[in-house]
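Dear colleague,

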Protein chains: 2
Amino acid sequence: MKVLVVGGVAGGASTAARIRRLDEQAEVIIFERGPHVSFSNCSLPFHLSGIVPTSEKLILMDPVQFKKKYNLAARVSQEVVAINRQNKSITVKHVMTGETYEESYDKLVLSPGAHPTLPNVDGIKSSHVFTVRNVVDIEKLQGYVQLAAVENIAVIGGGFIGIEVAENLRKAGKNVTVVQRSNQIMASYDLDMVQIMHKELLDHGVALEAGVALTKIEEGKVHLDSGKVIAADAVVVAIGVTPETHLAVDAGLELGITGAIKVDGNYVTSDDSIYAVGDAIEVYHRILHKPVRLALAGPAQKQARAAADHMYGITNRNKGVIGSSSIRIFDYNCAATGINEKEAKEAGMQVDSVYVIAPDKVGLMPSSNPLHFKLVYEVPTGKILGAQAIGKGNADKRIDVIATLITMDGTLEDLKDLELSYSPMYGTAKDVVNMAALVATNILYGRFKQVHITDVRPLFEQGATFLDVREVKEFENGHIKNAINIPLSELRDRMAEVPTDRPVYVHCRSAQRSYNAVMALKNSGFTNVYNVSGSFLGICLTEYYTDVRDGREPIVTKYNFK
Amino acid sequence: MKVLVVGGVAGGASTAARIRRLDEQAEVIIFERGPHVSFSNCSLPFHLSGIVPTSEKLILMDPVQFKKKYNLAARVSQEVVAINRQNKSITVKHVMTGETYEESYDKLVLSPGAHPTLPNVDGIKSSHVFTVRNVVDIEKLQGYVQLAAVENIAVIGGGFIGIEVAENLRKAGKNVTVVQRSNQIMASYDLDMVQIMHKELLDHGVALEAGVALTKIEEGKVHLDSGKVIAADAVVVAIGVTPETHLAVDAGLELGITGAIKVDGNYVTSDDSIYAVGDAIEVYHRILHKPVRLALAGPAQKQARAAADHMYGITNRNKGVIGSSSIRIFDYNCAATGINEKEAKEAGMQVDSVYVIAPDKVGLMPSSNPLHFKLVYEVPTGKILGAQAIGKGNADKRIDVIATLITMDGTLEDLKDLELSYSPMYGTAKDVVNMAALVATNILYGRFKQVHITDVRPLFEQGATFLDVREVKEFENGHIKNAINIPLSELRDRMAEVPTDRPVYVHCRSAQRSYNAVMALKNSGFTNVYNVSGSFLGICLTEYYTDVRDGREPIVTKYNFK
């Protein structure tokens, strides 16, 4: 068998290595347009801060090593320019010389990836505009930033790459502005959760311009559609990626509804002899039940293995994708899986969510911190659809549990009873994920009612009644303006003070005490009481960024982020 | 409804709090023999090193707070001495005065816990012998250690409490010896994995006497059945716990086959009006399909909620327990879930395991370290039965994923495809848990054969042929004596050197390269080749402790732990 692979890195190199393990005799050749056949994509931004000290370290394996270790040929600086399906061959061009030649295949694997999408604005082709796709790109950006003594950098786009680039440049001492067209960075998170990230950027001196679009790039500055002009000696564009489909299109291969290469469950394209994997294809979303694009390294590696297996008759069950991811943003660890509430609602699903703040480990332990956890579930089935976790502690652990549950069709009932490993050093006996499920079942089963953190400002503006059940000292250290303060410890003696002629929205710091207060009130005959999911800590964190940005009147007398 | 609760802490206090949330009118009284109704059990050992600076911090809530926040009565220093089932009352004794009184109940909840088991040896009642069950115990131990200027301490028992006590005392500068009757500490782990913990104790100056029993305690020393005498100015006994069943037994309640209180799936005892939760009961093991005792805080809290719910007609599905746990041992994070290989074999199950060593995060990232991961699965079903993880990184995360899968009846196929959150800071695109499942499916489906790390020494002693496929420099820096060295990068040119007349056991550092080597050999016609699960790093780590302890001849020329 002779297999040609277009493109290295996660998809291509993994396919080739798997083929070799299945077939010692197969002839396998990887073609890579650039100089590096294997590098750590996801680590590229970390070179900008020096966490990855040299760009050579980003290169995982060279063609000599590929040959020696796996007996795989890797031809770098050679671009595949055409697929000739009739005679099962490809046309390859030497990037340096322009010479072309043909190479025949039994099976062809397309792993061309996706290229950074460029906005159609004046100046986009300027020499101080950069993208981050490969080692050469990051070397160019880093070289420019260092040699040109660049001080001010605009990062266009607040997704994974944009935010990681912004953070690492900030750590290198640069003045960084992130420009984001929609009203939030990191689209996998809901706005309420992402406000914590917005605040974190602000706190670390990264300027964020959200809800505005880039209109023009000039030397030393960029223009936004708000009229604002941002100083920018260098511009990094990271607004998204576009699948590399031109080879496939030219060869008449079918594309899917997302515009990416269409494959079946075994990663076979519309041509039986051609497979495709990685960022250039579309995959089936297990929760949304439709094809999506998902440019992530983990799924690419799994696709690679499945494609190689299929060539050798080995079946692979395809469960679709759910889209798990994580990112560090300065002091916060952030992770998400499945779909968020916004996506679920856009898909027309009937959903609800809970936002739970709980200690990431026992409070007595060093570095115990609040973990912010949002769980999205289907109503009335209780099926878990997604989750988002943000905190200084182990957020990715909680999300991996939810990712596992989603894949196994888990419900709130499964999650509430889940028996997770516990030691005071790593968690609490009832983990935040258990707690979220308990709260959610209470709501799903109608044991109490809640309002979401995003409801708080509208309610406040309508003059709603908030009941703050924290202790007086806590109340004095910041509270919702006009809120009534009756500490939980006094509530049973002071129930007469709780209004009955209107809805009462109850909160404390993290919604634990207010939950007890709501149940006490409800079981004492108060029918119109609501727990505020996320409570005061959540309110402060989600309100702060917009208040500061817009010079908006805060709804709290004083913020308290502890 | 009037509910009496015997015993506070995780089980009792949680039951009471849940009752209050369900029923504002219920009269609930918690009885606690000791002075503290609510404290952080699991944090007790951390007071010994000062991580928890004062013992007061261990106390979570006092009776005044219980009353104020939850309207619950908590009567401390009052011991329940009898249950009078006929008239549904209990007899309570004031610990200080000896006075008794009766209190009637509609429902009674037993949450008496378990007391430290004491070995029947001379001197066990001495004033320098301590146990660790509650805040009073830890204050006594800490007071003695500090005031008596104790230098040498023997900890009898190498379970969770024993090891945590030993570590925290060591951190306080004491000479600590752990005495363990069986040949290993931490029974939830298999011997191969636990050797890493043994080494860690050794490396941090904690002496371990495993496979020996305590025979006598004297002033300043303890005697072991090996004849050895250990200097010990203080002795901490932590060999296990015995459920507190005397109240239940005296009242004629049924005990289970484990000797703990028997309950049904709703935590109702053989008396419909009496519930029991926590360390005093036996629970049903989901994998072993039999009742077991499981003294852990997480399950206790879940039982508490379920019991309270049941009183109010709320159903709770009972999925049984799987036994997830975690512990930090100096620089290592350790976690385990389900059953280990030894337990599975003792239960007569047909199982196999893989031991995978993989980076806990991308190698380029700061503090990337090997994670040691053992996965136990059923043959031929591939059902996941348990896992153990040890490393300087995030071991508990990986175990929580497996705990979730086990609960959802997951198989190797589910695990290999699991789409977990990934960023270079937190993991690798193909996580160690995915990798373990991939290796295990390869073995289950007969794609290659392996031997376990525990087979290596016996094979070595039989003169077996080991093929080390690491590079020459790595080989020179320590290898199995008499091993053949053919680097993977040269293997295809030197296959003629690989013996065909006998089995060949192939390894590298972490079994990745050797896996490729095994496949290359197999696919080239070599039929008698085996991959060594765990490879050289695993061999060094599992051999080292016993070699040092017994002055045993190492099977390696030099250890390499990196």
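**The interface between chain A and chain B**

The contact draws on 91 residues of chain A and 91 residues of chain B. Please note that this is a predicted model. Together the two chains bury about 7700 Å², with 53% of that area on carbon and sulfur atoms.

As to polar interactions, 44 residue pairs are in polar contact between chain A and chain B, with both residues at pLDDT 80 or more. The interface of chain A and chain B also holds 10 salt bridges. One of the pairs that form a salt bridge is Lys397(A) with Asp396(B), where the closest N and O atoms lie 2.6 Å apart.

On the side of chain A that touches chain B, helix H9 (residues 395–407) of chain A supplies the largest share, with 9 residues. By residue class, that side of chain A comprises 39 nonpolar, 26 polar and 26 charged residues.

**Helix H9 of chain B**

In chain B, helix H9 spans residues 395–407 and has 13 residues. From its first C-alpha to its last, H9(B) reaches 19 Å, close to the 18 Å expected at 1.5 Å a residue. The helix is mostly covered, as 13 of its 13 residues are buried.

The two ends of this helix also deserve a remark. At the start of H9(B), Asn394(B) places a side-chain oxygen within 3.2 Å of the backbone nitrogen of Lys397(B). Following H9(B) comes Asp409(B), which has a positive phi, near 60 degrees.

With kind regards

Terms used
Residues numbered from 1 in each chain as written. Chains lettered and ligands numbered in written order. Predicted model: local features only at pLDDT ≥ 70, side-chain atom pairs only at ≥ 80, totals over all residues. Heavy atoms only, no water. Contact = heavy atoms within 4.5 Å. Buried area = accessible area lost by both parts, 1.4 Å probe. Salt bridge = Lys/Arg side-chain N within 4 Å of Asp/Glu carboxyl O. Polar contact = N/O pair within 3.5 Å; in protein donor to acceptor, adjacent residues only side chain to side chain. Helix = DSSP H or I, 4+ residues; strand = E, 2+ residues; numbered from the N terminus. Nonpolar A, V, L, I, M, F, W, Y, C, P; charged D, E, K, R; others polar. Expected span 1.5 Å × (residues − 1). Buried < 20%, exposed > 50% of the residue type's maximum accessible area, 1.4 Å probe, protein only.
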